[in-house]
Amino acid sequence: MEYQFTEANFETEVLKSDIPVLVDFYADWCGPCKMMMPIVEKMAEKYDGKMKVGKVNSDENSDLAGRYNIMSIPSFLIFKNGEVIDSVTGAMSADALAARLDAAL
């Protein structure tokens, strides 16, 4: 299941999560973000139960984007125990993203 993270639920769903969390900062107008959508959806299915996978619309949640210094999108942050343990910006292959998620587990 792919989550929608917002400023309202970020602390509960991401920072206080019992399992690692992949957060995809995106915007609806962003071409590379659209290209990553099916890959992120695939990761949500593949890692269901082991890792939360979700998105933050950086236009609608600009405070969150600012808090994590998101300058370019798509940006992917992996959280574990409320801390960012990995981050990468830009489009990538499903295998490259899966390798980062596997390393976080």
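## Close-up views of charged pairs, sheet and loops

**View A. Arginine 100, with a relative accessible area of 29%, is partly exposed.** The terms follow relative accessible area, computed with a 1.4 Å probe on protein chains only: buried is under 20%, exposed is over 50%, and partly exposed lies in between. This is a predicted model, in which local features need pLDDT of at least 70 and side-chain atom pairs count only at pLDDT 80 or more, while totals for chains, interfaces and linings use all residues. Residues are numbered from 1 along each chain as its sequence is written, and side-chain values use heavy atoms, with hydrogens and water left out. Aspartate 86, at 22% relative accessibility, is likewise partly exposed. The side chains of aspartate 86 and arginine 100 meet in a salt bridge with an N to O distance of 2.7 Å. This pair joins distant parts of the chain, 14 residues apart, with aspartate 86 in strand 5 and arginine 100 in helix 4 (residues 94-104). A salt bridge here is a side-chain nitrogen of Lys or Arg within 4 Å of a carboxyl oxygen of Asp or Glu, and helices (H or I, at least four residues) and strands (E, at least two) are DSSP runs numbered from the N terminus.

**View B. Aspartate 24 and lysine 55 form a salt bridge through their side chains, at 3.0 Å from N to O.** Because aspartate 24 belongs to strand 2 and lysine 55 to strand 3, the pair ties together parts that are 31 residues apart in sequence. Aspartate 24 is buried, with a relative accessible area of 1%, and lysine 55 also counts as buried, at 4% relative accessibility. The whole structure holds 4 salt bridges.

**View C. Lysine 16 forms a salt bridge with glutamate 11, with 3.3 Å between the closest N and O atoms.** Lysine 16 is exposed, at a relative accessible area of 57%, whereas glutamate 11 is partly exposed, at 45%.

**View D. Five strands make an open sheet in the order 1-3-2-4-5, with mixed pairing.** Strand 1 (2-4) and strand 5 stand at the edges with a single partner strand each, so one side of each is left without a neighbour in the sheet. From one strand to the next, the twist averages 25°. Strand 1 pairs with strand 3 (residues 52-57) in the parallel sense over 3 bridges, where pairing requires that DSSP finds at least two bridges between two strands. Glutamine 4 has lysine 55 of strand 3 as its bridge partner. Helix 2 (residues 31-46) packs on the sheet, touching strand 1, strand 2, strand 3 and strand 4, and its direction makes about 155° with that of strand 3. Angles run from 0 to 180 degrees between N-to-C directions, with axes as lines fitted to C-alpha atoms, for helices over the stretch in contact; contact means heavy atoms within 4.5 Å.

**View E. Serine 17 sits in the loop between helix 1 (10-15) and strand 2 (21-26).** Serine 17 is buried, with a relative accessible area of 8%. Apart from neighbours within four places in sequence, serine 17 is in contact with Thr12 and Lys52.

**View F. Asparagine 69 lies in the loop between helix 3 and strand 4.** Although not a glycine, asparagine 69 has a positive phi of about 55°, and it is exposed, with a relative accessible area of 56%. Proline 74 is found in the loop between helix 3 (62-67) and strand 4 (75-80), and the peptide bond from isoleucine 73 to proline 74 is cis, with omega near 0°.
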